[in-house]
Amino acid sequence: MDNNIIKYRKLEKYLNTLEFRKIRIGSLLAQTFELNYYNPCNKSMKNLIRIFKYIFYLFFPKDSNPIESNYIFTKLISRFHFNELMDPLIIHYLEHSTILCNENSFDAVLLKKYPIDQRVIRFSQTINNTRNDIPEILSIFLKSSRLLLKNKDRLKLSKEELIFFLAQLLIQLRSVSFWHNYFSKSITKPKCIITEFDRNSVSSALVLSARNYNITTITLTHGVICDYGFTPLLADFIFCWGKFQQNQLIDQGVSSKRILITGNPMIKLFKQNNTSTSELIVCFAISPEILNRSMIGIFISAIEKFQQITGMIKLHPTLHKKDYSWINELSPKVILKDYTEISNSELFMKIDLLLIHQSGIANEALASGIPVVVIEPGGVDSVSELQEELINSAGCRVAYNGEGLASVFSDFVADPELFKIRVKTKSRRYLESLFETTGEESIQAMIAGINRLTA
């Protein structure tokens, strides 16, 4: 396991010795550690200013006004795959629900069709503590600061990390205060909280606070389960895609009693692209990785060797197009798209081959008949569990450098249809293990699971 994963898991356990309103501080900050793992913070002065600002805001408390409902759903920004995950559930339970979201969480067409605005709590509203909690928030903040400063070297924390974590802690403590006030004032307590991701910084305070009021909490599985991200589980239950993910969660310490297999509603029967040997489009779907620049260089150097290939790079929803404008300077053969410009279903209609490093989009592509190639510049010893399954079980090709990738492209260009057929044949059993059900059938399985757990 990666040393940084070990470091942040240790830090999470270490901070769990402190509590605010019976909520463990390490669990509360779960996604803060994960985000810093993928994108290390290097702006200490900016976060130091944020600390002073958040302390100042502490002294301007606001009380919450609960919306009486049976269910609370969280919904992050309007990402194509997250829409397909949460929207059907929100619509089904809409008359009895409250939705924690932001102004850009819902598609405009959906907002016209359903009266969602009457049942919305904005993210910004939840970062409001009550007056009674001011002394305790300050006390926990000071205790956390002393604990981290005293053990900074032993925990291998940089100055930037320390300040970033403390800035985020102030936000999260205020959010806990909000939800405690919200639930204590609710005439009828919600029966259930459903979130895309319980360890998300928006959801963790909500999920952990609900536990104090005996409210059932459920987290859905929004992507592939890697070594770091989904566990330790904060919610009472998790809905996963199939037996493969169930085994992964059990291996990471989650009790089988807390896992329900409900399939993946994001997987649908997409219309497939008709391959033309005159022009082949190869897409590299990139995740928030430090190695992106070097991997993009490998990708571009390989496609430059083939006149028939046009390259495309699809950015992960957390990445900004302006930060990758340098790609256009490297090659005119590469098209750059972010998540607002093309959905996964539209992508699979346009491309002939998908290249990934660590991304769950590989599974959607395989289910749509699009061959997938794994790139791992770290070599054989760096292959992750996800990559290993794609290579060994799904029959995906792997490239460790530019020469290897060019070799894969050469085989693909020689006979695209044969390349597709081979991957499709090998991946069938893998997909059956990964996805118990898909599409509408999966939505109905999730609804049945929610109804059973809240009966």
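A salt bridge is taken here as a side-chain nitrogen of Lys or Arg within 4 Å of a carboxyl oxygen of Asp or Glu. The model is predicted, so that local features need pLDDT of at least 70 and side-chain atom pairs count only at pLDDT 80 or more, while totals for chains, interfaces and linings use all residues. Residues are numbered from 1 along each chain as its sequence is written, and side-chain values use heavy atoms, with hydrogens and water left out.

| Pair | N to O distance |
|---|---|
| Glu341 and Lys321 | 2.9 Å |
| Glu12 and Arg199 | 2.9 Å |
| Asp133 and Arg21 | 2.9 Å |

Turning to nonpolar packing, a core is a set of buried Ala, Val, Leu, Ile, Met, Phe, Trp, Tyr and Cys residues joined through side-chain atoms within 4.5 Å. The largest nonpolar core has 90 residues, and those with the most contacts inside it are Phe299, Ile313, Leu354, Leu390 and Phe409. Apart from that core lies another, of 55 residues, which includes Leu29, Ile137, Leu147 and Leu157. With contact meaning heavy atoms within 4.5 Å, Ile313 touches residues including Phe284, Ile296, Phe299 and Val334, when residues up to four places away in sequence are not counted.

Definitions and conventions:
Buried < 20%, exposed > 50% of the residue type's maximum accessible area, 1.4 Å probe, protein only.
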